[in-house]
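Please look over the structure below together with its sequence.

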Amino acid sequence: LGWGNLLLNGAFTYRSPAILNVELQIPVTESPDLDESDPCLAELCSKYQQILDQIKAKDAELHAILQENKELATQLEATQEAGAAALRNASQKLYKQYQKQMDELKQKHEQEKQRLQAFTEEQEENLKRSVENFNNLELKLLHKQNSLTELERRIERMEKEKKELMGRKLSVEKEMECKNSMDYPDGTKGFQNLQLESSTLQEKIFHLDNVITQQHRNLHSAINSVSCRT
């Protein structure tokens, strides 16, 4: 009963390996109440030893599991640190790539802006020159039109003058015919004056006709020139 009480009071309580070693070193013969020849005691001691062996095995297994967990924790910490470092490196690389793309895009945008600005300035300058050329051309055409109008008026005056001269010449010739029909002497001063006037009128008409013809040519040439410009 004393050994049974020992088993019940402390044998089945978990101890660390160090405590178990101390307990196992206590000699069983130290108790005066124990009889080593008792079969029940021997069987009980055998079962007790088996239980202690199982406890040692479980403790060793638990120790191995704790050691493995410690190693796994160390590996996990190292893996996490490596992952964090890789993530930092990837983030830095991605940021550098993004910054590079942004710089390139900014440079392209600035170049495109300068190109468009230069193109706009060039177009404005071309438009300015075109407006100036158009205004100059318009002034030239207006001046040309005024010249044509003045030339047409001059030709009209010459035509009118020619018509008047031809009418006067016709009148003089009729007067000369009338005098001839009346047997008016050709050598008289009055008849000679009519002949001189008729001759003078004919010369004026001839000269004026040449001038009118030349003016008509100039007018046609000027009209063609204006048509080509427009």
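Predicted model: local features only at pLDDT ≥ 70, side-chain atom pairs only at ≥ 80, totals over all residues.

## Nonpolar core

The largest nonpolar core holds 15 residues, and those that touch the most other members are Ile155, Leu165, Val172, Met176, Leu208, Ile212 and Leu219. Two or more residues of this core come from each of α3 and α4 (189-229), with α4 giving the most, eight residues.

Leu208, setting aside residues up to four places away in sequence, touches Met158, Glu161, Lys162 and Leu165.

Lys169 lies in helix α3, which spans residues 39-181, and it counts as buried because its relative accessibility is 14%, under the 20% cut-off. Its side chain makes a polar contact with the side chain of Gln202 at 3.2 Å, and, apart from neighbours within four places in sequence, Lys169 is in contact with Ser198, Leu201, Gln202 and Ile205.

## Salt bridges

Eight salt bridges are found in the whole structure. One of them joins the side chains of Asp209 and Lys162, with an N to O distance of 2.5 Å; this pair links distant parts of the chain, since Asp209 is in helix α4 and Lys162 in helix α3, 47 residues apart. Asp209 is partly exposed at 28% relative accessible area, whereas Lys162, at 17%, counts as buried.

Glu112 and Arg115 also meet through their side chains in a salt bridge (2.7 Å, N to O), and because they are three residues apart in helix α3, about one helical turn separates them. Glu112 is partly exposed at 35% relative accessibility, as is Arg115 at 47%.

Conventions. Residues numbered from 1 in each chain as written. Heavy atoms only, no water. Helix = DSSP H or I, 4+ residues; strand = E, 2+ residues; numbered from the N terminus. Buried < 20%, exposed > 50% of the residue type's maximum accessible area, 1.4 Å probe, protein only. Polar contact = N/O pair within 3.5 Å; in protein donor to acceptor, adjacent residues only side chain to side chain. Contact = heavy atoms within 4.5 Å. Core = buried A, V, L, I, M, F, W, Y, C linked by side-chain atoms within 4.5 Å. Salt bridge = Lys/Arg side-chain N within 4 Å of Asp/Glu carboxyl O.
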